[in-house]
Amino acid sequence: MLVLVAPGQGAQTPGFLTPWLDLPGVEDCLRRWSEAIDLDLVHYGTKADADEIRDTAVAQPLLVASALLSAGQLFDGSEEFARLVGATAGHSVGELAAAALTGVLTEEAAMELVRKRGLAMAEAAAVTPTGMSALLGGEAEVVLPHLERLGLTPANVNGAGQIVAAGTLEQLAALAEDKPEGTRRVVPLKVAGAFHTTHMAPAVAALRAAAGELAVRDAHTRFVSNRDGAVVTHGADVVERLVGQVANPVRWDKCMETFQELGVTAIIEAAPGGTLTGIAKRALPGVKTLALKTPDDLAAARELIAEHAGDTVSPASQAE
């Protein structure tokens with residue numbers, strides 16, 4: 001069974017969209033979305049520097065656009081996607097790409113919503129200087145109490161020995177000086193706020209208002225939720241979870257447990273891939289993984305699809 005996943009904020013690097021613009025129709029699509037959301041995705045994806053694309057309001061639309069465009073190169077429309085892909089999930093903002101890929105939202109609606117999400121979260125992040133740091137190594141039963149003592153939130157529980165802490169810059173500085181026992185490294189992430197914590201509460205109301213204006217459909221493919229790893233197919237439930245997730249921890253470890261329960265044999269990560277497949281290699285031994293970094297990876301991805309995808313059962317049989 002094939003699972004397709006979409007990466008979250010921090011996966012972006014300067015110029016990462018440049019090679020994708022050589023593919024037919026990609027630049028036209030990006031320019032159409034750019035006009036719709038009043039953000040020059042072509043410029044930010046090809047010419048902007050690391051600081052410019054670190055801006056939450058820029059990074060989030062870029063990542064969703066990249067995931068949709070790269071996944072679109074592999075599947076000929078929603079019917080083929082539903083037939084070949086067993087489940088889909090996105091990490092944090094990647095959930096909006098997953099919502100579009102599973103048919104809950106149109107691509108245009110996902111782009112409009114992620115633009116509003118990014119702006120609302122950037123505004124919330126500006127209230128207090130905050131950030132996020134990944135802890136590599138260490139056991140959860142040791143790491144989690146340590147973070148609580150420092151006043152930090154385990155904003156991403158990613159599995160495979162990786163937890164991401166979020167909080168004020170002072171709290172993160174204290175963590176860098178006082179790592180939990182067993183943690184090898186504390187790595188600051190390329191994000192501009194303490195996402196998936198109470199610091200983002202003001203963004204939830206703005207996102208809920210924006211989501212209320214959207215036309216929503218039930219998913220044609222299993223959507224695996226960051227909240228708890230549950231399989232969700234009712235469109236309204238998917239969107240409600242997208243909204244609430246802004247201020248609540250991402251349980252990617254639970255998503256991977258669900259992939260395993262569903263019988264995953266291969267995972268493809270949409271562009272700019274690498275982070276989620278890296279975690280899967282450690283957490284899901286024996287599962288084939290492929291990250292779409294550039295169009296050069298498309299041929300190998302198509303081979304993986306041919307080997308591991310197949311006619312899937314109705315997602316309703318796994319829905320909550």
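This is a predicted model: local features need pLDDT of at least 70, side-chain atom pairs count only at pLDDT 80 or more; totals for chains, interfaces and linings use all residues.

Reader: How many helices and strands does the protein have?

Author: The protein has 14 helices and 10 strands, where helices (H or I, at least four residues) and strands (E, at least two) are DSSP runs numbered from the N terminus.

Reader: Ok, pockets now. How much space lies in the largest pocket?

Author: The largest pocket holds about 600 Å³ of space. On a 1 Å grid over the protein atoms alone, a pocket is an open set of points where a 1.4 Å probe fits, with protein on both sides within 12 Å along at least five of seven lines, and lining residues have an atom within 4 Å of a point. Grid points are joined across faces, edges and corners, and the volume is the space filled by probe spheres set on the points.

Reader: Which residues lie nearest its centre?

Author: Of the 31 residues that line the largest pocket, A134, Q162, V164, L189 and T275 lie nearest its centre. The largest share of this lining, five residues, comes from α13. The lining divides into 14 nonpolar, 13 polar and four charged residues, counting Ala, Val, Leu, Ile, Met, Phe, Trp, Tyr, Cys and Pro as nonpolar, Asp, Glu, Lys and Arg as charged, and the others, Gly among them, as polar.

Reader: What about the volume of the second largest pocket?

Author: The second largest pocket has a volume of about 280 Å³. It is lined by 16 residues, with G77, S78, A100, L101 and E107 closest to its centre, and α4 gives the largest share of the lining, three residues.

Reader: Switching to α14, which of its residues are buried?

Author: The buried residues of α14 (residues 298–308) are L298, A301, L304, I305 and H308. They are on the same side of α14 because they cover an arc of only 115° around the axis, the arc being that of the directions from the helix axis to the C-beta atoms. The face turned away from that buried side carries the exposed residues E303, A306 and E307.

Reader: What covers the buried side?

Author: The cover of the buried residues of α14 includes β1, α4, α5, β9 and β10, and contact here means heavy atoms within 4.5 Å.

Reader: Last one: is H196 buried or exposed?

Author: H196 counts as buried, at 1% relative accessibility, and has a positive phi of about 65° although it is not a glycine. D38 also has a positive phi, of about 60°, without being a glycine, but D38 is exposed, with a relative accessible area of 64%.

Note on methods:
Residues are numbered from 1 along each chain as its sequence is written. Side-chain values use heavy atoms; hydrogens and water are left out. Buried means under 20% relative accessible area, exposed over 50%, partly exposed in between (1.4 Å probe, protein chains only).
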